[in-house]
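Please look over the sequence and the model below before reading on.

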Amino acid sequence: MTSKNRIQNGEIIASVDGSLYSSQTVFKCTYWFGDKFHVNVQQESGDYVITLRPMPNANISEGELPYYLQKLERDLVDFHLRDIVNNETGSIRELLVAKAFSNGEYDEAPPGEISDPVGFAPLV
Amino acid sequence: MPIRFHRLNDQKEVLVNEVGDHLVVPSGTFARLVQKELDKEGEADLYGDLVAGHFIAESPIPTLIDVLATRYRTKKSFLDNFTTLHLFVVSLRCEHTCHYCQVSRVTQDKGKFDMSRAHIDKGIDIMMQSPSPHVTMEFQGGEALLAFDNIVYAVDRTKELALLHNKTVTYVICTNLAVINEEMLNYCKENNILISSSLDGPASVHNENRKRPGKNSYELAIRGIELSRKILGKSRVSALMTTTNLSLEHPIEIVEEYYRQGFWNIFLRPISPYGFAVKNEAKNKYEMDKFLSFYKKALNRILEYNLQGEFFREDYATIILRKILTPFPVGYVDLNSPTGAVTNVVVFNYDGAVFASDESRMLAEMKDFTFQLGHLDTDSYEDLMYGEKARKIVAAGTNESLPGCSDCAYQLYCGADPIHHHATQGDMIGYRPTSTFCQRNMEIIRYLIELMDSDKKIKSIFESWVKPQF
């Protein structure tokens, strides 16, 4: 299958499969191109079409565009992987932070019986 | 487990877990890990490192989650005691005319530019309401020593009230040392006051940065450092440098000057955002590129001293390395999340205005009062520290929820600086792709990790920097 990604009229155009990538991934990734490019994201038939148009003051030559296209493709994969980790482990992160600031409210009792043969805690 | 990753270079990437442990691995490891392609037997060392370092877990809820929660809480425990650092701008008067200084006034008008005793009293009363059992009272200017009578008054009153409120107080005078004398230093010795002086580098840099009649700022600073060390002891006298465009051309000379003057450390402070062209993003990025080049050259010279067996530390790296290499919190205002402005520091200005940080009062001198929390004449502790403005600043200064930061691998090593972003981008939240704060910290953190990974000797040096020194 050939990629729909291309450089056309001085712009980078990339098509992102909407069934594989979330909008969060697309926007978190393209956010980082905003210092050098005008970023446009549109939805077409369930896919995302990303257009990056170099800003006049970014001094990006036509010859550098393939590098940025490659960077976009690579960054999309990176942010997709981060998205997977966030989805799979978000609840653990929330539990961890909740436990951290709960003053013991969510701590579990240590397993097993606590014996006190010497009687350090006579009131228990 | 919740982990983050960042590419270090073409060959390596770094994984960071939720409590700040890191692991440098070959490129592609994160992808294989997420796709569950790691071979437990065939890659036993890597797999073992990942489990032991809490990057992956073998059960849905990790068995040591309570330990991790405690470590997370420890990392954020700089918040426990809330504001500790209280800056008192005892006078705006100064005998220097440094070109980068936004605030000082060359004047004899004590009435107009010295802090009134009423405001000193109110500032101390506010400081005594801090939840922290230990507070730091730092005297700033202008040149603070021009109002030495104010310092004596403030220290004497604070000593009495500290006993009443059961607080310990660290006193610091920030001074260019030009007017320091034995009488002042004897008072500092009696009251255990630290001296934080200014040294921008060799005479050629220092005198150019710090203009004064006689063009002898450097000579006076060196004389003051020597006299202060003689009376107070070497460890009670520190120096800070202000980085200017001129400094950027002299990284080696600046480091060698600090070494020659017998300092064990140097703080290569980032160039102030007020030296930047406000909201000129391309120029700011270029300036930050120059700073990063300066920083790396200077750091490499510092490492040369260490490789020769000397102990000589760079403080900005040390702050970041403490975050990377130790489980402990680091209370540095500019690299905290939530931001250290308000939660760690508050400034009482000479006229009674209260600001969220030292940079906030610089902005106010440029007629921008966004970060003025209130006024000593009218506002209570609660108004100032828990008011709407304070809450807005802290909310914008929490990198866990900022765009561009929330997924960043360096989140725990970095911080948030709403004042920098407001000053340079016109928005407290800030826009990371053009943020010089982000550009600087991302690159310095990446560089430090890369250095440690590339040379075990450098890792040992960095580990020696983060150990308690005394």
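## Chain A

What percentage of the 124 residues of chain A count as buried? The model is a predicted one, and in it 35% of the residues of chain A count as buried. The chain exposes about 8000 Å², and carbon and sulfur atoms supply 52% of that area.

Chain A contains two helices and four strands. Read from the N terminus, its elements follow the order β-β-α-β-β-α. Among contacts in chain A with a separation of 6 or more, 58% are between residues 24 or more positions apart.

In soluble globular proteins, nonpolar side chains tend to be buried together. Here the largest nonpolar core has 113 residues, and Phe139(B) and Phe462(B) are those with the most contacts inside it. Helix α11 of chain B, spanning residues 281-307, gives the most to this core, with ten residues. Domain 1 (1-75) and domain 2 (83-389) of chain B both contribute residues, so the core lies between them.

The surroundings of Phe462(B) can be described in detail. With neighbours within four places in sequence left aside, Phe462(B) is in contact with Leu303(B), Leu321(B), Leu325(B), Leu448(B), Leu451(B) and Met452(B).

## The interface between chain B and chain A

The contact between the chains involves 32 residues from chain B and 24 residues from chain A. About 2700 Å² is buried between chain B and chain A, and carbon and sulfur atoms give 64% of this area. Charged side chains also take part, with five salt bridges found across the interface.

Side chains of opposite charge can pair when their charged atoms come close. Over all chains, a search of the whole structure finds 31 salt bridges. Lys28(A) lies in helix α1 (residues 23-31) of chain A, while Asp407(B) lies in the loop between α16 (388-396) and α17 of chain B, so this pair joins two chains. The closest N and O atoms of the salt bridge between Lys28(A) and Asp407(B) are 2.6 Å apart.

Another salt bridge is formed by the side chains of Lys99(A) and Asp66(B), with an N to O distance of 2.7 Å. This pair also crosses between chains, running from helix α2 (residues 65-100) of chain A, where Lys99(A) lies, to helix α3 (residues 65-75) of chain B, where Asp66(B) lies. Lys99(A) counts as buried, at 2% relative accessibility. Asp66(B), in contrast, is partly exposed, with a relative accessible area of 25%.

## Salt bridges within chain B

Which parts of chain B does the pair of Arg93(B) and Asp114(B) tie together? Arg93(B) is in the loop between β4 (85-89) and α4 (110-113), and Asp114(B) is in the loop between α4 and α5 (117-128), so the pair ties together parts that are 21 residues apart in sequence. Their side chains meet in a salt bridge with an N to O distance of 2.9 Å. Arg93(B) is buried, its relative accessible area being 5%, and Asp114(B) also counts as buried, at 9%.

Salt bridges can also be linked to one another. Lys296(B), Glu443(B), Arg446(B) and Glu450(B) are joined in a network of this kind.

## The setting of Asp427(B)

Asp427(B) is located in the loop of chain B between α17 (418-425) and α18 (436-454). Is this residue buried or partly exposed? With a relative accessible area of 34%, Asp427(B) is partly exposed.

Apart from neighbours within four places in sequence, Asp427(B) is in contact with His421(B) and His422(B). Asp427(B) and Ala396(B) are 31 residues apart along the chain, and a distance of 9.3 Å separates their C-alpha atoms.

Terms used: Residues numbered from 1 in each chain as written. Chains lettered and ligands numbered in written order. Predicted model: local features only at pLDDT ≥ 70, side-chain atom pairs only at ≥ 80, totals over all residues. Heavy atoms only, no water. Buried < 20%, exposed > 50% of the residue type's maximum accessible area, 1.4 Å probe, protein only. Contact = heavy atoms within 4.5 Å. Areas by Shrake-Rupley, 256 points an atom, 1.4 Å probe, with all protein chains shown as cover. Core = buried A, V, L, I, M, F, W, Y, C linked by side-chain atoms within 4.5 Å. Domains from an automatic or database assignment. Buried area = accessible area lost by both parts, 1.4 Å probe. Salt bridge = Lys/Arg side-chain N within 4 Å of Asp/Glu carboxyl O.
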